[in-house]
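Please walk me through this structure, one part at a time.

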Amino acid sequence: MSYDLIIKNGTVIDGTGAFRRRADIAVKNGKVAEIGKVTEGAAQTIDASDLIVSPGFVDPHTHYDAQICWDPLVSCTSWHGVTTVVMGNCGVGIAPCKPAAREVAAWDLVNVEAIPFEALAKGISWEWETFPEFIAAAERRGAGINLAFLAPLTPFRHYVLGDESMEREATPDETTRVAELLREAVDAGAFGFSTTTLPQHIGYQGRPLACRLASTDELRAYANVLRDAGRGAIEVALTRRAGRISEDEEGLLEFLLDESERPVTWLAMASRPDKPEASADTLRRLDPLIKRGGVPQVLCKPFVIQMDLRNPFSFADMELWGPVFNQPLERQKEFYRNLEFRGAFREELKRPHLFQGRWNRVEVLEVASLALKQYERKTVAEVADQRHQDPLDTFFDLARSRTISTSSTRCNSITRKEFSG
């Protein structure tokens, strides 16, 4: 028997939990035909000595919805050995989308994922209006790795409700229409749909991301689409506190499992140095739902957020920051120099939020001004001490400092916030 491809002498890790072993792998008609000592010939042979040979890695949580328009290699994910990416997570995406709503869809991605608007404006090809057309456009362009699509609930609601999707629940007729569009998306190949409950997930002009306003009746109808189809899954950004899930969040997870009769994957479990048992306790408590298909997404490394004050996502769960989003640069700087705004932010940091004002863990990563170069790789607390200044004021003053190029469209300082899981 002659094979199409033989990968010889590799160290095979097959993903089953079995120990690694040295073996050859033979491929015929696109499928693994033999693993072991292959003696037959092949049209192509690859020597994998000193290399690992394994099944492809799937990244279940990405936001490459726009990037696939201009980056067929889906970098840098493909560089790391990932062979399949799932996009459309957290209820945010760019399809379906009417031409008049393209700016809204783009700004939703800016606010939730910190993708520069300028990149989206230049890079999104807008070859589609409906979700099936979006998938078809991706297939026509081609990609270096496999693409899998979740149907993000926000653009579906906006497609039917318009701007009111960011203000209210859908009517029964509107709910039916959204459900029909989701069914159409699943029929076209969507792997399910996604949504979010997180307050820091805000949309265009600082308004709530449209999917966050979906009522219980809406979610029931959308989950029933997957139940009736007998396929697909739901992804939901659920946990407002790291390593914990509240009673209402647990109730929503159970509700989605009941109504969809499909797997529901939820964000996110992470370790907490201040409460080392919190995650384990949560997983034990939710074990009955996990066994039913409520699959937690687990952070496997320390969580680092890179932020700049052009897109202050880390503060999006604070109401006073809503008006700051999607504003011209000079208008944002007015907020940051305003003493009342700073005072309100200072007070808000006394309450639980994603960002808790630990300035000793916020590092200045990059500056655009030579005058500020000395502060790179220092924490805001260290810079404040050096400048004999309050850390919060230091944070804003660094961002407001003039850049070398007056045409720059970003604030000067980019800071990095590190969380231990």
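The paragraphs below take the sheets, an aromatic pair, the backbone and then the helix contacts in turn.

The model is predicted. One of its sheets is an open one of three strands, in the order E6-E7-E8, with parallel pairing. Strand E6 (57-59) and strand E8 (146-149) stand at the edges; each has a single partner strand, so one side of each is left without a neighbour in the sheet. On average, neighbouring strands here are turned by 20° against each other, direction ignored. Strand E7, residues 82-87, is joined to E8 by four bridges, and the two run parallel. Within this pairing, Met 87 stands opposite Phe 149 of E8.

The model has 20 aromatic pairs. One of them is formed by Phe 134 and Phe 149. A pair of aromatic rings is described by the distance of the centres and the angle of the planes. For Phe 134 and Phe 149 these are 5.5 Å centre to centre and 75° between the planes, and the pair is edge-to-face. The angle is over 60 degrees, the cut-off for that class. Phe 134 belongs to helix H3 (residues 131-141) and Phe 149 to strand E8, so the pair ties together parts that are 15 residues apart in sequence.

A second open sheet has five strands, in the order E9-E10-E11-E12-E13, and its pairing is parallel. Its edges are strand E9 (151-152) and strand E13 (294-298), and because each has a single partner strand, one side of each is left without a neighbour in the sheet. Inside this order, strand E10 (residues 192-196) and strand E11 (residues 233-237) run parallel and are joined by five bridges. Gly 192 has Ala 233 in E11 as its bridge partner.

The loop between E6 and E7 holds Val 74. The phi of Val 74 is near 50°, a positive value in a residue other than glycine. Cys 76 is also placed in the loop between E6 and E7. The peptide bond from Ser 75 to Cys 76 is cis, with omega near 5°. Another cis peptide bond joins Leu 267 and Ala 268, with omega about -20°. Ala 268 is placed in strand E12 (residues 264-269).

The helix contacts can be read around helix H13. Two packed helices are described by the angle between their axes and the distance between the axes. Take H10 (residues 329-337) and H13 (residues 391-400): their axes come within 10 Å and cross at roughly 155°. That is over 145 degrees, so H10 is roughly antiparallel to H13. The crossing of H10 with H13 is left-handed. Lys 333, Tyr 336 and Arg 337 in H10 meet Phe 396, Ala 399 and Arg 400 in H13. By class, the residues of this contact are three nonpolar, no polar and three charged.

Helix H11 (residues 339-348) also packs on H13, with axes that come within 11 Å and cross at roughly 135°. This angle makes H11 oblique to H13. The crossing of H11 and H13 is right-handed. On the H11 side the contact is made by Phe 341, Arg 342, Phe 345 and Arg 346, and on the H13 side by Leu 392, Asp 393, Phe 396, Asp 397 and Arg 400. The contact of H11 with H13 divides into four nonpolar, no polar and five charged residues.

How do the axes of helix H12 and H13 cross, and at what angle? The axes of H12 (residues 380-387) and H13 come within 9 Å and cross at roughly 95°. With that angle, H12 is roughly perpendicular to H13. Val 380, Val 383, Ala 384 and Arg 387 of H12 meet Pro 391, Thr 394, Phe 395, Asp 397 and Leu 398 of H13. The contact of H12 with H13 has six nonpolar residues, one polar and two charged.

Terms used
Residues numbered from 1 in each chain as written. Predicted model: local features only at pLDDT ≥ 70, side-chain atom pairs only at ≥ 80, totals over all residues. Heavy atoms only, no water. Pairing = 2+ DSSP bridges. Axes fitted to C-alpha atoms, helices over the stretch in contact; angles between N-to-C directions. Parallel < 35°, antiparallel > 145°, perpendicular 65-115°, else oblique. Left-handed = near helix turned anticlockwise from the far one by under 90°. Contact = heavy atoms within 4.5 Å. Nonpolar A, V, L, I, M, F, W, Y, C, P; charged D, E, K, R; others polar. Phe/Tyr/Trp six-rings, centres within 6.5 Å; stacked < 30°, edge-to-face > 60°.
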